[in-house]
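Here is a short briefing on a protein structure. Please keep the sequence and the coordinates at hand.

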Amino acid sequence: MAGISRRTLFTGLAASGTAFALSNCAGAGGSSGSAGTEGGGALNVLMVGNPQMTDLEGLAKKFTEETKIELKITILPENELRDRVAQDVSTQGGLFDVVTIGAYEGSVWTANDWLHNLQEKAQGDAAFDVDDIMPAMKGVLSKDGDLYAIPFYGESAFTMYRKDIFDKHGLTMPAKPTWTEIRALAEQLKTLEPTMNPIVLRGLPGWGENMAVIGSMLNAFGGGFFDADFKPMLTSDETKQCVEFYVNLVRDLGQSGATTAGFTECLNTMSQGEGCMWFDATSAANSLESPKSSKVVGKMGYVDAPSEVMRSGWVWAWAWGIPKTTKHLEQAWKFVSWASSKEYEQLVGKELGWTRVPDGKRQSTFRIPEYKEASAAYSQVMLDAINASDPLNCGAYPHPGPGCQYLAIPEFGELGTTFGQEISAALAGQKTVDDALAVCQQAAQEVADKHK
């Protein structure tokens, strides 16, 4: 598969509307650090601003105490992080020694030879125990059987709901709900709990924000981006039905200001007790069940991702990649192996609480007694969701590349961004769903033309 071209990247960056100055960014200067082969020195680490990463930032001093390696950490929101890391890695800027990447980059970037192959280091590090990494996470971060990124945590998607509210009103959440059933429950909750949001869903435009939800919903309704022959499917009846369902659901029953709500904003709404239902990443349960950050501990229920024609789950990993431009590979591996180790999971459990462990990547995590007890409400549902979501076979028909809520082709970053922006505009009432999908279909056709 061809790698991401600079033109594709730069066009996508311009479309996202994110401006940045690489030469002046916090933590810049990866090539100017003093880390040597004997240990010590400094590493520049770029991370996405999710709770698991901010937890790591607070625990980073433990790593420095052990290794004498200083960590200069930059944390950015998801959309901005993607722009920053794509720009730096694609242009070989060398600003960062370790970068957070997702499953999409893990599937596509290896073809460009931008990242170090980490298989030999992982296999040669007995304490790291690479065989313990879950097969689903290896699958989205490997090429020809070799790991090019190491998962920090893994996830699928499931349905989260306020079990106490459902019990109060005699409502039943099916173990395997359909989207039609979710809508019916939201309509009842709007009347029964008028001060709460019946359902919370991402609306912030971005291929990793609202498109994480909409992209997976496309599968549930039998829609998609392309068929196996790269025929665009964005104006198909199934895709239109899905998008109209999503737009109407969020408009009628979702949270106010949905077009500015990404994962973090939805998590805040739910953890503060202001939402009744939420479909999103399984990793959200770590925060919802953490007494230090949530008002709904012990009040939540967790069931499978909604279906319609089929279920709408996904497989995703937030992972550590080491760009080939780093001059500090040995030190970078020390950090990566520490941050994704069994030892680090124990540290998080003991220091912050067992629901805060960055789970979903190691099989052994689900056997830790303290973790099993703390995560009893959701861990088995999470594990089942990860195992049930196959990025090679999660659509209603064959796709031209792997991925559930995304498509692992070089052009998807730009196409997904366009799709996310257009659907957000439809959600805001700025255009009709038909008009939004027409723009998306044209963008998809341009991609298809490149693959003829």
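The notes below cover cysteines, cavities, a strand pair and a few loop residues.

This is a predicted model; local features need pLDDT of at least 70, side-chain atom pairs count only at pLDDT 80 or more, and totals for chains, interfaces and linings use all residues. Residues are numbered from 1 along each chain as its sequence is written, and side-chain values use heavy atoms, with hydrogens and water left out. The model has one disulfide and three cavities of 30 Å³ or more.

**Cysteines**

- C394 and C404 form a disulfide, with an S to S distance of 2.4 Å (a disulfide is a pair of cysteine sulfur atoms within 2.5 Å).
- The torsion about the S-S bond of C394 and C404 is about -125°, so the disulfide is left-handed.
- C394 and C404 are ten residues apart, in the loop between helix 16 (379-388) and helix 17 (412-427). Helices (H or I, at least four residues) and strands (E, at least two) are DSSP runs, numbered from the N terminus.
- C394 is buried at 10% relative accessibility, and C404 is buried at 3%. Buried means under 20% relative accessible area, exposed over 50%, and partly exposed in between, with a 1.4 Å probe and protein chains only.
- C276 has its closest cysteine sulfur in C266, 14 Å away, too far for a bond. C276 is buried, at 0% relative accessibility.
- C440 is in no disulfide; the nearest cysteine sulfur belongs to C242, 12 Å away. C440 is also buried, at 0% relative accessibility.

**Largest cavity**

- The largest cavity has a volume of about 150 Å³. On a 1 Å grid over the protein atoms alone, a cavity is a set of points where a 1.4 Å probe fits but cannot get out; lining residues have an atom within 4 Å of a point. Grid points are joined across faces, edges and corners, and a volume is the space filled by probe spheres set on the points.
- Its lining has 16 residues; E78, E155, R202, G208 and W316 lie nearest the centre of the largest cavity.
- Helix 3 (78-90), strand 6 (150-155) and strand 10 (316-321) each supply at least two lining residues.
- The lining of the largest cavity has eight nonpolar, four polar and four charged residues. Ala, Val, Leu, Ile, Met, Phe, Trp, Tyr, Cys and Pro count as nonpolar, Asp, Glu, Lys and Arg as charged, and the others, Gly among them, as polar.
- Domain 1 (43-154 + 316-383) and domain 2 (156-315 + 387-451) both give residues to the lining, so the largest cavity lies between them. The domain bounds come from an automatic or database domain assignment.

**Strands 7 and 8**

- Strand 7 (residues 157-162) runs antiparallel to strand 8, joined by five bridges. Two strands pair if DSSP finds at least two bridges between them.
- T159 stands opposite F279 in strand 8.
- Five of the five residues of strand 8 (residues 277-281) are buried, so strand 8 is largely enclosed by the rest of the structure.

**Loop residues**

- K68 has a phi near 65°, a positive value in a residue other than glycine. K68 sits in the loop between helix 2 (51-67) and strand 2 (69-76) and is exposed, at 61% relative accessibility.
- D129 also has a positive phi, about 60°, and is not a glycine. D129 lies in the loop between helix 5 (119-124) and helix 6 (135-141) and is partly exposed, at 25%.
- R367 is in the loop between helix 14 (342-352) and helix 15 (369-374). R367 is exposed, at 56% relative accessibility.

Conventions. 1 Å grid on protein atoms, 1.4 Å probe; cavity = no way out; pocket = protein on both sides within 12 Å on 5 of 7 lines; lining within 4 Å.
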